[in-house]
Amino acid sequence: MKIDLGLPFALAAIVIGYFLPSLLGGSSAIYSAFLLIAIFAVMSYGLDLIVSDMGEVSLAHPVFFAVGAYTTAILSVRHGVGPAGTLLATIGVSLLFAVAMGLITLRLREFVFSLVTYSVAVVALTVAQNWNFLGGSDGITGLPAFEIGLFGFEFSAMTDRELWPVGFLLLLVTLYVVAAFRRSRLGHAAMTVHLNQKLAIMSGIDPQRTRMYVFLVSAPITASAGWLYAYQRAYVSADVLSAYFLLLMLTAVVLIGRRVLLAPLLGVTVILFQEKFMSFGGYIDRIILGCALIVVLAFIPGGLIGAFRTLRQRLRRPSPKQALEAR
């Protein structure tokens, strides 16, 4: 009788992942690093769907991250809405932004698509820096602590250690959503459009509608990261639209390899490990991040997994002398 060990291994990995910060010492710095890894990984998974599954490079995804952060800040600070309400609002507002951005950009392809989405990001940054409703250059401060109560269950988090369960749960939900998407009809349609648009049309798939649906799945994922990031920082400013977050997302998506479920999580882990525990200073770390993206795109477009596979194939390939001897 064949026994499927997939579920027990998955459950064991989840338990180990949750308690890993404690196993590594449980200091405030460790919990802070793990919480940020969870938040930025969720942020990156939204872009991963666009890059890996749709085959486009969106440079406007920090806008969705900012939408989540600003929606949370405005509703919690000015209207006293709790985390559950701000999360629902974040999802709703991000979907509206996704529809608007999709109608503008999804008819475009390749570098034109990227240029237009980058322009959207630049406009959003300028608006956030200068619009008083969003706090201008000072941003919105004084976010309340994360407190939620549902069906008699109450949970509050004042520190990164206490907020870690929320970040871990958000990461697990995101992994499930991404995996389910790639098994779904929409996921297969997106890959067909990506690989062969003519074949997709012949198969009855509408490329523009498919791209819009992928955007509608992607946007709330990245926005939900902004939602939790706002509570983690307790303030929101225009820096959530900075180039750093775009570089972080892009590098995390391509560093390990595309269409690998854990790749963005591992990519973010590598990046933040360097920044948190092997830092050379803010500016140098940004240079390292940018150079890592350049190296991957220019020399190992398949990511580290692709480079490993290529190396393994070369090692397994017999030398000319061995090939002659075999004959």
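Author: Phe155 is partly exposed, with a relative accessible area of 22%; on this scale, buried means under 20%, exposed over 50% and partly exposed in between, computed with a 1.4 Å probe on protein chains only. Phe146, at 4% relative accessibility, is buried. The model is predicted, so local features require pLDDT of at least 70 and side-chain atom pairs pLDDT 80 or more, whereas totals for chains, interfaces and linings use all residues. Residues are numbered from 1 along each chain as its sequence is written, and side-chain values rest on heavy atoms, with hydrogens and water left out.

Across the whole structure, a search finds 17 aromatic pairs. Rings of Phe, Tyr and Trp (its six-membered ring) pair if their centres lie within 6.5 Å; planes under 30 degrees apart are stacked, those over 60 are edge-to-face, and the rest are tilted. Phe65 and Tyr229 make a tilted pair, because their ring centres are 5.3 Å apart and their planes stand at 40°. Since Phe65 belongs to helix H3 (residues 61-79) and Tyr229 to helix H9 (residues 207-233), this pair ties together parts that are 164 residues apart in sequence. Helices here are DSSP runs (H or I, at least four residues) numbered from the N terminus, as are strands (E, at least two). Phe65 is buried at a relative accessible area of 0%, and Tyr229 is buried at 9%.

Phe146 and Phe155, by contrast, form an edge-to-face pair, with 6.2 Å from centre to centre and 75° between the planes. Tyr18, Phe19, Phe34, Trp164 and Phe168 make up one aromatic cluster.

A ring may also face a charge. The charged end of Arg78 sits over the ring of Phe133, 5.1 Å from its centre; the criterion is NZ of Lys or CZ of Arg within 6 Å of the ring centre and within 35 degrees of the ring normal.

Asp53 lies in helix H2 (residues 28-53) and is buried, with a relative accessible area of 0%. With Arg259, the side chain of Asp53 makes a side-chain polar contact at 2.3 Å. Such a contact is a pair of N or O atoms within 3.5 Å; within protein, one must be able to donate a hydrogen and the other to accept it, and residues adjacent in sequence count only if both atoms are side-chain atoms.
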